[in-house]
Each structure stands twice: as structure tokens, then as C-alpha cells.
Amino acid sequence: MTENTTRTETLAEDLLLLLFQPDSGTIAGEVTLYYVLAGGVLAELGLADRVRVDGGKVAVVSDNPPADELLRTTWDYVLEKPRGVQTVLAAQGPPLRAAVLARLVERGHLREARGFLGVRRQELGDTGRRETLLAAVRAALVDGVDPDPRIAALAALVSASGTLPQFHRDIPWTSPVIARAKEFERGEWGAGAAAEAVTRTMTAIIVNSVVVAMAVAPKG
């Protein structure tokens, strides 16, 4: 089966798919996952120039709402008034896991199976999308390839989630990779036009807010 390219996956979907661990059927970083997924939604809205971050506040750029319902919910929340990045993460993150997971199953990237005693679990589907994403992130972090902004944001969010060591088999947990990942968190990737610099800065603010939110979140 080949990957379905007629629909566009959100950054949050790609992020959760990448965090899915095929060998165990678990998702890396479960405890603070909702901050990371919300960061993915905000980053995507920023990449699409639908929101901006100024003085630590997220504000809507125009009155053109995103068509995707997953993005629209957060966009509507910010439309009410500018809000702190961490406020948006905490308010919008909790429902995302179930919604995003359902999309991944619907699109065939994951599939539901019955495990021990009939417990439902997820398995990797055969669309090949996770392998494609992993290869792109590996190229950026290991091989030094300049990624597009979306892959850069994906790599930065995986790094911010603290789960990168769990990818050691595919992305070696080495000092150069750690340093490169931290550069991505700071928005230091490539050297594009001024507009891209704004995007890199905004993504870095969002990613840093994810890091801060996770640092103070209960771990139990």
C-alpha cells in the first residue's frame, strides 16, 4: 500500500506518528505529550502565517480561519484575544491525543489491534509515512541536510519533547546530534529570506515554551 497524498496531515499528526514506537506499540513522552502536540498545532499555524507571537503572546494574524478542524479549534481560541503561549498549550493540548490518534488510524498510518486479554493497542500501518518522516528528520539531524521549515519544526519539537534518545537506533544519540537538535530548538536552521527568519524565531519561541511547560509539569 502506498501513502495517500490526497490529504494533508497536520504537523501534530506527523509528530504523534513519529513519536509512536512500533516495537512496543507505545507513544514516547506520554506524560507531557499534550504540550508537544499543542506546540505542533501552534507551530503549524505560525508556519501558515495564521498566528504570530509577540511579547510572549499569540495573536491571530488575519480573519482567514484554517479549514482543518484540528487547527481551527486553537485558532478560534486565540481569536478571542491574544494569549500567552503556555496558556494556549495548557488549554488546547489535553484533547489532542485522542483526536490526533483517531486521525492516524483513519488514514491508515496506524491500525488498531487486540493485544493480551483483548486490550486494544495500536500498530504501525503500511502507508510508509513514519519511515519517510524519520528519514527526513535523520537527514536534518545526522547528515546536516538543511530541512524545509516543517521538518525543522518537527525535529525541534521531537527534541523539545525529550524523547530523542528513544530514536537511538535510527538517529544516533551523539554529541553532534544533540547540538544540532538544540540549534533547531533555537530556530537555527538554514539561512533563508527575512520572512523565513521571522518564522524560525516564532517557531523557536513556541518550542521553548513547550520545554518550559514540560519542565514544570507534574511527572506522575
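# Reading the calls in a predicted model

Author: This is a predicted model. At 5% relative accessibility, Trp189 counts as buried.

Reader: What makes Trp189 count as buried?

Author: Its value is 5% relative accessibility. Buried means under 20%. Trp189 therefore counts as buried.

Reader: Why is the pair of Phe184 and Trp189 called tilted?

Author: The structure holds two aromatic pairs. In the one formed by Phe184 and Trp189, the planes stand 55 degrees apart. Stacked needs under 30 degrees and edge-to-face over 60, so the pair is tilted.

Reader: What makes Phe184 and Trp189 a pair at all?

Author: Their ring centres are 6.3 Å apart. The limit is 6.5 Å, so they pair.

Reader: Is Phe184 buried or exposed?

Author: Phe184 has 0% relative accessibility, so it counts as buried.

Reader: Why is Ser209 called buried?

Author: Ser209 has 9% relative accessibility. The cut-off is under 20%, so Ser209 is buried. Ser209 lies in helix α9, residues 194–216.

Reader: What does the side chain of Ser209 reach?

Author: It reaches the backbone oxygen of Ile205, at 2.9 Å. A polar contact needs N or O atoms within 3.5 Å. Beyond its neighbours within four places in sequence, Ser209 also contacts Val85, Gln86 and Leu89.

Reader: Why is α7 called mostly covered?

Author: Ten of its twelve residues are buried. Among them are Ile151, Leu154, Leu157 and Val158.

Reader: What caps the N-terminal end of α7?

Author: Asp148 does. One of its side-chain oxygens lies 3.0 Å from the backbone nitrogen of Arg150. Just after α7, Gly162 takes a positive phi of about 80 degrees.

Reader: What makes β3 and β5 edge strands?

Author: The open sheet has three strands, in the order β3-β4-β5, with antiparallel pairing. β3 (51–54) and β5 (83–84) each pair on one side only.

Reader: How do you know that β4 and β5 pair?

Author: β4, residues 57–60, joins β5 over two bridges, in the antiparallel sense. Pairing takes at least two bridges, so these strands qualify. Val58 stands opposite Arg83 in β5.

Reader: Where does the charged end of Arg83 sit?

Author: It sits over the ring of Tyr77, 3.8 Å from the ring centre. The distance limit is 6 Å.

Methods: Residues are numbered from 1 along each chain as its sequence is written. This is a predicted model: local features need pLDDT of at least 70, side-chain atom pairs count only at pLDDT 80 or more; totals for chains, interfaces and linings use all residues. Side-chain values use heavy atoms; hydrogens and water are left out. Helices (H or I, at least four residues) and strands (E, at least two) are DSSP runs, numbered from the N terminus. Buried means under 20% relative accessible area, exposed over 50%, partly exposed in between (1.4 Å probe, protein chains only). A polar contact is a pair of N or O atoms within 3.5 Å; within protein, one must be able to donate a hydrogen and the other to accept it, and residues adjacent in sequence count only if both atoms are side-chain atoms. Contact means heavy atoms within 4.5 Å. Rings of Phe, Tyr and Trp (its six-membered ring) pair if their centres lie within 6.5 Å; planes under 30 degrees apart count as stacked, over 60 as edge-to-face and the rest as tilted. A charge sits over a ring if NZ of Lys or CZ of Arg is within 6 Å of the ring centre and within 35 degrees of the ring normal.
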